[in-house]
Amino acid sequence: MSEHKTMTLTLNVWRQKGPNDPGKFETYTAKGITEHHSFLEMIDVVNEDLIKSGKEPIVFDHDCREGICGMCSQVINGVPHGGQERTTVCQLHMRKFKDGDTIFIEPWRATAFPIIKDLVVDRSAYDTIIQAGGYTSCHTGGVPDGNTLPIPKQDADYAMDAAECIGCGACAAACPNSSAMLFTSAKVAQLAALPQGQVEAAARVKNMVETMQACGFGNCSNHYECQAACPKGIDVKFIARLNREYLKAQFK
Amino acid sequence: MEFFKNAVGRKILMSITGQLLIIFVIVHFIGNSSIFLGADGINAYAKHLHDLPPLVWIFRLVMLTGVAIHIIYGIQVTLENNKANTKSYAVQKHLKATFASKTMIWTGLLIALFVLYHLAHFTLHITNPEISAGVAANFDALQRPDVFKMVVLSFQKGLIAVIYAAAMVMLFLHLSHGIQSFLQTMGWNNDKTRPCFGAVGKVVSGLLLVGYVSIPLVIITGLLKL
């Protein structure tokens with residue numbers, strides 16, 4: 001068996017019993033961490049120790065652990081998902097840290113993302129935004145023949161780039177205004193680029209932006225923190241597209 | 001009207017009024033640079049402007065409306081954003097946001113204060129009356145109000161020159177974010193142009209800073225005198 005060099009880290013973790021608890025930071029020591037542990041596995045190790053010593057483990061959200069579900073709403077050392085480009089927390093590995101490092105772990109903080117417990121936040125506001133228009137209404141009869149609806153390759157690629165969004169909430173968590181504009185624009189731009197999205201285009205952009213506001217997200221002022229924090233690298237060009245779509249919708 | 005309450009609607013209005021103000025700032029600088037031609041230049045320019053009273057007032061009304069919209073929405077949107085953001089991260093590292101982008105509301109309000117001072121100084125002749133109050137009565141050889149003399153005497157005072165230079169630094173910060181921001185907001189971009197927006201904003205605002213500050217600078221250093 002090969003021997004791993006292990007690391008010992010100091011963690012400052014946000015602990016909050018429930019939505020109305022003021023919450024505070026607790027300090028833990030993570031021992032026996034190898035560079036191959038993912039960040040979530042590192043918390044698993046710490047939780048094992050906590051459970052063995054009769055303490056309540058750190059509560060955090062996770063699902064796929066392969067970088068596509070968008071559940072792990074953690075701000076690590078001041079950056080959503082820990083600051084490695086295009087990486088979610090579960091895909092962030094401990095080789096990015098050094099023995100002896102001190103790490104701050106906090107949940108998303110935005111009025112529209114209330115904390116449920118410890119590192120878990122309620123991200124259902126994003127679902128509410130999608131429900132306001134992030135879909136196309138279509139007949140679900142017989143399957144259409146292939147190529148009856150030609151879509152140029154560049155439009156398909158553009159739509160796919162926007163569709164990469166996993167709705168994790170890092171954009172709003174990183175935004176100094178807690179705006180969900182990158183998330184909203186990714187869906188608006190994706191559907192606006194495709195023929196199926198045209199029918200509801202005007203209503204979609206208006207309703208989704210209004211719902212974003214109603215959910216308590218702030219206004220976009222073009223800081224571009226969102227793109228830098230996005231684990232899928234969603235481009236702020238989609239926000240510009242949303243702005244154009246919104247202007248267009250005024251004349252429909 | 002939903003447009004005037006909408007997050008994007010108001011952003012577009014901020015952008016359009018901002019563009020109006022940027023055009024003003026550029027034209028104002030071109031006009032002011034006539035001071036480098038000496039008394040003859042700027043006094044003739046001032047006289048031409050004031051010989052068009054209806055136009056002057058239409059222009060003033062348009063600017064006033066634009067400024068009012070820009071300031072009211074700027075404050076409103078900032079208050080909303082503060083409510084949306086809990087500002088409670090123990091550690092927060094910004095990756096893209098700049099000092100300029102985070103201080104838009106403050107640089108904006110300082111510029112608004114400066115504009116009030118600027119009007120009180122050169123237009124209404126309230127501050128430093130010993131220099132400016134006499135200007136209306138103080139005609140040059142061609143019977144034009146002697147704006148040149150007023151400007152030169154003003155900027156020979158260190159404090160006034162410093163206030164103007166500081167205000168232009170605020171304007172530089174505001175525009176270095178504002179110019180690329182209005183292009184993005186209007187959606188006037190494609191994959192080739194968008195990466196240049198930031199640079200365009202900094203170059204234009206930098207040129208305006210150098211241009212505007214050069215006026216008090218040449219006067220206080222004595223390169224331009226009565």
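**Interfaces in a predicted two-chain model**

Modeller: This is a predicted model. Chain B puts 40 residues into the contact and chain A puts in 48.

Biologist: What makes a residue count as part of that contact?

Modeller: Heavy atoms within 4.5 Å. By that rule, 40 residues of chain B and 48 residues of chain A take part.

Biologist: How much area do chain B and chain A bury between them?

Modeller: About 3500 Å², with 49% of it on carbon and sulfur atoms. Accessible area lost when parts come together is often used to give the size of an interface.

Biologist: Why is the pair A:Asp235 and B:Arg194 called a salt bridge?

Modeller: The N to O distance is 3.9 Å. The cut-off is 4 Å, from a side-chain nitrogen of Lys or Arg to a carboxyl oxygen of Asp or Glu.

Biologist: How many salt bridges and polar contacts does the rule find across the interface of chain B and chain A?

Modeller: There are 2 salt bridges. Residue pairs in polar contact number 32, both residues being at pLDDT 80 or more.

Biologist: Which helices of chain B each supply at least two residues to the side that touches chain A?

Modeller: α1 (7-32), α3 (53-84), α4 (99-102) and α8 (158-186). By class, that side of chain B has 12 nonpolar, 16 polar and 12 charged residues.

Biologist: Take B:Ser15, in helix α1 of chain B. Why is B:Ser15 called buried?

Modeller: Its relative accessibility is 5%. Buried means under 20%, so B:Ser15 qualifies. Leaving out residues up to four places away in sequence, B:Ser15 touches B:Phe182, B:Thr185 and B:Met186.

Biologist: What area do the two domains of chain A bury between them?

Modeller: About 1200 Å², 62% of it on carbon and sulfur atoms. In domain 1 of chain A, A:Arg86, A:Ala112 and A:Phe113 lose the most area to domain 2, together 39% of what that side buries.

Biologist: How many salt bridges and polar contacts cross between domain 1 and domain 2 of chain A?

Modeller: The rule finds 0 salt bridges. It finds 2 residue pairs in polar contact, both at pLDDT 80 or more.

Note on methods. Residues numbered from 1 in each chain as written. Chains lettered and ligands numbered in written order. Predicted model: local features only at pLDDT ≥ 70, side-chain atom pairs only at ≥ 80, totals over all residues. Heavy atoms only, no water. Buried area = accessible area lost by both parts, 1.4 Å probe. Polar contact = N/O pair within 3.5 Å; in protein donor to acceptor, adjacent residues only side chain to side chain. Helix = DSSP H or I, 4+ residues; strand = E, 2+ residues; numbered from the N terminus. Nonpolar A, V, L, I, M, F, W, Y, C, P; charged D, E, K, R; others polar. Buried < 20%, exposed > 50% of the residue type's maximum accessible area, 1.4 Å probe, protein only.
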